[in-house]
Amino acid sequence: MRAILQRVAHASVEVEGTKVGEIDRGLLVLVGVATGDDADDVAWIARKLTELRIFPDDAGRMNRSVLEVGGAVLLVSQFTLHADVRRGRRPSFVAAASPDEAVPLLDELRRAIEAAGVMVETGRFGAHMRVSLLNDGPVTIPLDSAERPRREGPANPPAPERYRWLGAGGVLTSRRLVLASASPRRSALLSELGLAFEIVPADVDERDGIPDEPEAHARAVAERKARAVATLRPDDIVLAADTIVVLGSRIFGKPSDDEDAFAMLRALAGREHRVLTAVCVAHAARDHWRTRVVSTSVRFRPADDAELRRYVASGEPHGKAGAYAIQGLGGLLVAGIDGDYSNVVGLPQGDTIDLLAEVLAR
């Protein structure tokens, strides 16, 4: 699936003199479906175009997505994106999908964008359309799902050196490690790695002076926790983390009560969200600090209010970011994930080992 994204101040599409779609600030998206495209291609394009930071922030930097600025999408089918012009003067369109194959995927793409919280207007498939736009920037970006990272193997190259730090004689097993968290889930994930550690919960304000942008938010909280404990234990290796659930630009932390938990779950039902965990490792005595933010996409299946209230009544949502625990009953709400499962639980194990190794290696 190919798409051309154009950041626009205004765009519209007409068919036979009648305006069938129109938006103001947002994205004009020309999209072409290729033979063999499937739901994975749709999901990747939808996620990319709703999350790409190509709108200006208050400082004028491209740092906000179409969702974060409250923009809309005008989606226009464009089979000519798959034109083959390598030979002759007449383009070949044999790579473009037939209408029977393309229309359902275009409908699925529209629904996926709407599910992410972005309003969508469309052209009319197969019609002769006249598209008008005021390109803002100009900003024009091509997307091709054929070029996306594939999931047949690991998302990153294998890291056999990780195992060098673990097990009998491993450096991590012989250094004092402090977990700046009272989370039983993080404690369990560290224990699974065979690491010995002490728990010293960080008592910090997780709201005052914390950025609103999701990744910066998680990073700031994790680093604040690490500094609080590292001040007390400068000679030890301190590990801190913060996990948040992000739907569009909305950040879901831990619910305040049952109604707050229900509202979060209702917003997540039938939609895809991101789980961000920021991990900070510190050795204050040597002034070594490392922070990494890991993202995992989670898709919830549709669920009615009665089912969600039964889950809330179980008590499990309390104390959980986004009001669910994927490793518990909350896993029944999940349709699938893309990324690190341990990250959703509360601590990405592989990335945590990498950070510990980086700090200890210096």
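Author: Gladly! Let's start with accessibility: buried means under 20% relative accessible area, exposed means over 50%, and partly exposed lies in between, using a 1.4 Å probe and protein chains only. This is a predicted model, in which local features need pLDDT of at least 70 and side-chain atom pairs count only at pLDDT 80 or more, while totals for chains, interfaces and linings use all residues. Residues are numbered from 1 along each chain as its sequence is written, and side-chain values use heavy atoms, with hydrogens and water left out.

Reader: What makes Ala323 count as buried or exposed?

Author: Ala323 has 0% relative accessibility, so it counts as buried. You will find Ala323 in the loop between helix H7 (305-313) and strand E15 (334-338). Helices (H or I, at least four residues) and strands (E, at least two) are DSSP runs, numbered from the N terminus.

Reader: And which class does Glu16 fall into?

Author: The value for Glu16 is 77%, so Glu16 counts as exposed. Glu16 sits in the loop between strand E1 (2-15) and strand E2 (18-23).

Reader: What is the phi of Glu16, and what is the phi of Ala323?

Author: Glu16 has a phi near 55 degrees, a positive value in a residue other than glycine. Ala323 is also a residue other than glycine with a positive phi, near 70 degrees. As background, most residues other than glycine have a negative phi, and most peptide bonds are trans.

Reader: Which peptide bond here is cis?

Author: The bond that joins Gly137 and Pro138 is cis, with omega about -5 degrees. Pro138 belongs to strand E8 (residues 129-144).

Reader: Now for the charged residues: why is the pairing of Glu51 and Arg274 called a salt bridge?

Author: A salt bridge is a side-chain nitrogen of Lys or Arg within 4 Å of a carboxyl oxygen of Asp or Glu. The closest N and O atoms of Glu51 and Arg274 are 3.9 Å apart, so the pair meets that rule. Glu51 lies in helix H1 (residues 39-51) and Arg274 in strand E13 (residues 272-283), so the bridge ties together parts that are 223 residues apart in sequence. Glu51 is partly exposed at 37% relative accessibility, whereas Arg274 is buried at 15%. In general, side chains of opposite charge can pair when their charged atoms come close.

Reader: How many salt bridges does a search of the whole structure find?

Author: The search finds 22 salt bridges. One of them joins the side chains of Asp242 and Lys225, with N and O 3.6 Å apart. Asp242 is in strand E11 (residues 237-247) and Lys225 in helix H5 (residues 214-232), so this pair links distant parts of the chain, 17 residues apart.

Reader: How do you know whether Asp242 and Lys225 are buried or exposed?

Author: Asp242 has a relative accessible area of 6%, so it is buried. Lys225, at 8%, counts as buried too.

Reader: What does the salt bridge between Asp354 and Arg292 tie together?

Author: Here the closest N and O atoms are 3.4 Å apart. Asp354 is in helix H9 (residues 349-361) and Arg292 in strand E14 (residues 288-300), so the pair ties together parts that are 62 residues apart in sequence. Salt bridges that share partners join Arg290, Arg292, Asp351, Asp354 and Glu358 into one network. Asp354 is buried, with 18%, and Arg292 is partly exposed, with 24%.

Reader: What makes helices H6 and H7 oblique to each other?

Author: Helix H6 (residues 258-268) and H7 pack at an angle of about 135 degrees, with their axes 10 Å apart. Axes are lines fitted to C-alpha atoms, for helices over the stretch in contact, and angles run from 0 to 180 degrees between N-to-C directions. Angles under 35 degrees count as roughly parallel, over 145 as roughly antiparallel, 65 to 115 as roughly perpendicular and the rest as oblique. The angle between H6 and H7 belongs to the rest, so the two helices are oblique.

Reader: Which residues of H6 and H7 meet?

Author: With contact meaning heavy atoms within 4.5 Å, Asp258, Glu259, Ala261, Phe262, Leu265 and Arg266 in H6 meet Asp305, Leu308, Arg309, Tyr311 and Val312 in H7.
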